[in-house]
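Subject: Structure for you to look at

Hi,

Here is the structure I promised to send over. Please open it and then read on for what turned up.

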Amino acid sequence: MSTWDSGEAPPNLRMGLFAWLRVFLRGVPLALLVFGGLAILLLVRLIERPIYGYHRPWTPHITRVVCRTSFFLLGIKFRSEGQPMAERGAVVSNHCSWLDIFSLNARKRVYFVSKSEVARWPGIGWLARSTGTVFIDRDPRQARTQKVLFEKRLLAGHKLLFFPEGTSSDGIRILPFKSTLFAAFFTPELRNVLFVQPVTLSYQAPAGADPRLYGWWGDMEFAPHLLQTLAASPQGQITVTYHGPLKVSEFDSRKDLSAACEKIVRSGLKLSPEAQAKLSTQR
């Protein structure tokens with residue numbers, strides 16, 4: 001998966017005494033919440049899996065509570081608009097940051113689709129596997145196995161989450177959608193029963209801060225960005241906009257469906273005047 005880079009430096013990280021104090025006061029409770037919640041989830045899953053298999057009637061509630069509480073501990077306002085779809089299907093969204101994990105799970109449980117390399121990353125890979133992430137391999141020999149897995153998960157009612165941009169950005173723009181992943185929705189087993197819901201993530205930095213504060217892109221390292229997020233004062237707001245779901249069978253091809261989803265996701269992006277000004281200077 002390629003990465004996107006704006007060509008401009010990310011927001012500066014200025015860490016004074018009070019910034020480090022905020023990191024401690026927010027970071028410690030956040031770590032206890034995330035890893036404590038994960039431990040509870042894994043214990044519940046030991047009972048849930050033998051009884052329900054792919055279906056997960058209990059553990060999604062744990063995930064939502066952890067994600068909503070995380071924003072409270074961070075001091076970031078969270079709001080959502082629209083309704084998560086009830087139909088079986090997938091979710092497609094723009095990709096801004098590692099914070100997307102919390103944003104997209106705070107209202108409705110989703111299962112991320114990620115490249116196979118992530119499964120081998122220390123810590124993050126274990127966390128991803130534990131929470132039901134679907135890993136895809138670019139090896140053509142694995143295509144049929146992955147197709148069967150997609151079908152099982154989608155038909156079981158799991159909302160698989162795809163990022164059609166293929167990479168994260170600075171949060172003030174939406175990159176062109178790649179239509180390749182949409183081909184998975186057009187198999188004979190899925191096309192007539194599947195819906196796709198476009199979702200827009202809008203990250204709004206606090207007044208006076210760099211509008212790209214929450215964006216995570218290029219070769220930015222995770223630890224400094226995490227520190228910046230924990231230290232920010234005041235914090236901003238994240239808005240998740242759920243658009244009406246699209247029925248796959250109403251589109252002739254993956255490219256048509258991809259274009260429709262991209263247009264809808266773009267229409268929901270909420271930018272502050274500072275973000276609009278920053279975006280106009282980079283064009």
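A residue is called buried at under 20% relative accessible area, exposed at over 50%, and partly exposed in between (1.4 Å probe, protein chains only). This is a predicted model, so local features need pLDDT of at least 70 and side-chain atom pairs pLDDT 80 or more, while totals for chains, interfaces and linings use all residues. Residues are numbered from 1 along each chain as its sequence is written, and side-chain values use heavy atoms, without hydrogens or water.

Four of the five residues in β3 are buried. Strands count as paired when DSSP finds at least two bridges between them. β3 runs parallel to β4 (residues 134–136) over three bridges, with Ser 114 opposite Phe 135. β3 also pairs with β5 (residues 160–162), again in the parallel sense, over two bridges; here Phe 112 faces Leu 161.

Next, helix α1, which spans residues 17–52 and includes Leu 21. Leu 21 counts as partly exposed because its relative accessibility is 43%.

A cavity is a set of points on a 1 Å grid over the protein atoms alone where a 1.4 Å probe fits but cannot get out; lining residues have an atom within 4 Å of a point. One cavity of 30 Å³ or more was found in the whole structure.

Best wishes

Definitions and conventions:
1 Å grid on protein atoms, 1.4 Å probe; cavity = no way out; pocket = protein on both sides within 12 Å on 5 of 7 lines; lining within 4 Å. Points joined across faces, edges and corners; volume = space filled by probe spheres on them.
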